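Please read them beside the model.

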Amino acid sequence: MQKCGMIKEDDDGHLRIKLYKDSNGVPKGDGTCCYFQQASVDLSTNILDGSEFRDPPASGNVVSVTKAKFEQKGADYKEWKPKKKKNKKKKTNIQAQNLSWQDWRDDVGAQVVIIKRLFDPTTQGADDEFLSDLKDEIEMECAKKGEVEKTTVFGHHPDAPVAIKFKDPRAADACVKVMNGRWFSQRQLEAELYDGKTDYSVGAKRETAEDQKKRVEEFGDWLELSLIHI
């Protein structure tokens with residue numbers, strides 16, 4: 001569920017996910033997941049409804065994901081009253097603090113794939129012609145799994161990463177499965193969905209204050225462009 005966006009946490013920091021059980025304590029097979037943003041609810045119902053629950057798929061593990069509808073039990077109206085909470089120091093809501101950074105991830109969801117170790121950043125990271133050819137080659141290969149909207153090569157990052165944004169999250173999942181552990185130019189690749197935190201525009205070279213400001217602005221532009229194509 002987390003690949004579709006940030007899940008809300010309770011006051012104790014636990015994810016707000018609930019599995020329902022019968023009177024004997026046996027799971028009934030349904031539950032609820034409370035996302036931080038509405039866009040994540042829409043994305044989960046879009047890509048997870050009707051999907052296989054296990055990997056590899058097993059017969060009978062197709063799940064149904066729909067927006068929850070809460071109804072009052074019984075015919076008598078009962079006024080809802082919030083539970084009284086113990087007097088404790090008000091905690092800063094970390095999720096709300098991170099929302100400005102995480103906002104784009106909740107919308108884009110699992111559409112951005114990061115592939116690492118594609119080149120040697122010390123000898124090839126500044127070669128614009130090589131990086132351009134690499135970008136075209138990787139984009140062509142990844143397009144076999146689905147429509148690619150944007151490809152970015154981060155030449156100066158020590159992990160030698162390339163970011164690929166797919167139109168469909170299912171294509172991103174398929175790309176990770178194919179690319180992770182694959183060998184390319186005598187290097188074993190690492191592929192994963194973007195974590196929404198790592199700044200891949202950070203270079204191996206020492207930055208001045210002006211370099212850092214320019215880098216942050218450029219990386220912000222890259223994130224914004226990822227949002228525009230939704």
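1. Two strands count as paired if DSSP finds at least two bridges between them; strands (E, at least two residues) and helices (H or I, at least four) are DSSP runs, numbered from the N terminus. By that rule, S3 (residues 112-116) and S5 (residues 162-166) are antiparallel and joined by four bridges. In this pair, Ile115 is opposite Val162 of S5.

2. This is a predicted model, in which local features need pLDDT of at least 70 and side-chain atom pairs pLDDT 80 or more, while totals for chains, interfaces and linings use all residues. Residues are numbered from 1 along each chain as its sequence is written, and side-chain values use heavy atoms, without hydrogens or water.

3. The open sheet has four strands, ordered S4-S5-S3-S8, with antiparallel pairing. S4 (148-153) and S8 (190-193) are the edge strands; each has a single partner, so one side of each lacks a neighbour in the sheet. The twist from one strand to the next averages 20°.

4. Helix H3 (residues 128-142) lies across S3, S4 and S5, at about 145° to S4. Helix H4 (residues 169-179) lies across S3, S5 and S8, at about 160° to S8. Contact here means heavy atoms within 4.5 Å; axes are lines fitted to C-alpha atoms, for helices over the stretch in contact, with angles from 0 to 180 degrees between N-to-C directions.

5. Most residues other than glycine have a negative phi. Arg117, in the loop between S3 and H3, has a positive phi of about 70°. Ser185, in the loop between S6 (183-184) and S7 (187-188), has a positive phi of about 50°.

6. Arg117 is partly exposed at 38% relative accessibility, and Ser185 is exposed at 51% (buried is under 20%, exposed over 50%, partly exposed in between; 1.4 Å probe, protein chains only).
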